[in-house]
Amino acid sequence: MRNYFVGIDLGGTRIKLGLVSDGEIVVRKIIPADAAGGLAASLSVLEREIQGLLHAARVSRAALGGIGLAFPGIVDPVSQRILSTNQKYDDAVGIDVAAYWDVPFFIDNDARMAAVGEWKYGAARDTQDMVMMTIGTGIGSSAVLGGKLLRGRHFQAGCLGGHISIRYDGRPCNCGNIGCLEAYGSTWCLEEKVRSMEDFDTSLLAGAGVIDLAAVFEAAARRDAVGLRTKQECLDVWSAGIVNLIHAYDPEVVVVGGGVMSRSDEILPYLTERVHRHAWTPWGKPVIRPTELHSDAGILGVVYCLRFNI
């Protein structure tokens, strides 16, 4: 009899769910997120979607071996408690999520789980020393050192790469710090930044329904001045973030994830050249790779941790 597990990657914009068996996703679903509406309101939605996955795969509830949740915040996976959030699901601290379901449960940081997915099944499966940077609504990170997932005493080691300061006198970040990587190169900061440019009114982005990374890259492809400047700044910001992660964790492989990596042919050559020029690595050059698993990384990572207790 096959064992089935559900992995949930709870993003700020989208929720990715998958029914997993033997390290493969049998059925997947992506739905819009309502991060501002809170976690409590989302739990019933998640339960309904889990039932839908089981129904689609013709799997009984009795065959469900557990549920793993990759959460966008600081999480204690030992006590299965959410410790801190950052303007996403801000009611989550204090909610006993594990008690909501009657099957084994596991929860950890979403970027950390994406890294486990890539380490075990994706772009970093050939190494025991890797870091991952995930670009989306925010910017997440995680590290595996010597074959061990980095968590730290207070469960925030490795996963705050988006909140490394790259400008000490820079823009305020949602986390309370200033000059964070995330305050310059994530989706949440783009609209304000783009609208403040003096030639915004004549830009293609002025007519965009949503100003996100996809819209910026599309405008840049059409030689729009605002799009080109914003794209270039994002590339430079991401490069600086990767250099910082390399200096902090000494990886052999750096994996870059997020929806924007559908344009990896545009992004990776620039990141690789700039990072190799600026990172201090006398031993050689870390390999920079795009995600192989894309939206599946967090799902597979959190199910792996649930199954093998890492």
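Predicted model: local features only at pLDDT ≥ 70, side-chain atom pairs only at ≥ 80, totals over all residues.

Colleague: Which residues of H7 are buried?

Modeller: They are Ile267, Leu268, Leu271 and Val275. Buried means under 20% relative accessible area, exposed means over 50%, and partly exposed is in between (1.4 Å probe, protein chains only).

Colleague: Why do we say that the buried residues of H7 line one face?

Modeller: Look down the axis of H7: its buried residues fall within an arc of 90 degrees, so they line one face of the helix. The arc is that of the directions from the helix axis to the C-beta atoms. An α-helix has 3.6 residues a turn, so residues three or four places apart point the same way.

Colleague: What covers the buried residues of H7?

Modeller: The cover includes helix H5 (213–221), helix H6 (225–249), strand S11 (253–257) and S12. Contact means heavy atoms within 4.5 Å.

Colleague: What is the order of the strands in the open sheet of five?

Modeller: The order is S10-S9-S8-S11-S12, with mixed pairing. Strand S10 (148–149) and S12 are the edge strands, as each pairs on one side only. Two strands pair if DSSP finds at least two bridges between them.

Colleague: What makes S8 and S11 a pair?

Modeller: Strand S8 (residues 130–135) and S11 share five bridges, in the parallel sense. The cut-off is at least two bridges, so they pair. In S11, Val256 is the bridge partner of Met133. Met133 also stands opposite Ser141 in S9.

Colleague: How many bridges join S9 to S10?

Modeller: Two, and the strands run antiparallel. Val144 stands opposite Leu149 in S10. S9 and S10 form a hairpin with two residues between them, and Gly146 in the turn has a positive phi of about 60 degrees. S8 and S9 also form a hairpin, with three residues between them. They pair in the antiparallel sense over six bridges.

Colleague: Why is S9 called largely enclosed?

Modeller: Six of its seven residues are buried, so S9 is largely enclosed by the rest of the structure.

Colleague: Why is Thr291 called buried?

Modeller: Its relative accessible area is 6%, and the cut-off is under 20%, so Thr291 is buried. Thr291 lies in the loop between strand S12 (287–290) and helix H8 (297–308). Leaving aside neighbours within four places in sequence, Thr291 is in contact with Glu118, Val255, Val256, Gly257 and Met261.

Colleague: And what makes Ile15 buried?

Modeller: Ile15 has a relative accessible area of 3%, again under 20%, so the word applies. Ile15 is found in strand S2 (residues 14–21). Not counting residues up to four places away in sequence, Ile15 touches residues including Leu10, Ile30, Leu46 and Tyr89.

Note on methods. Residues numbered from 1 in each chain as written. Heavy atoms only, no water. Helix = DSSP H or I, 4+ residues; strand = E, 2+ residues; numbered from the N terminus.
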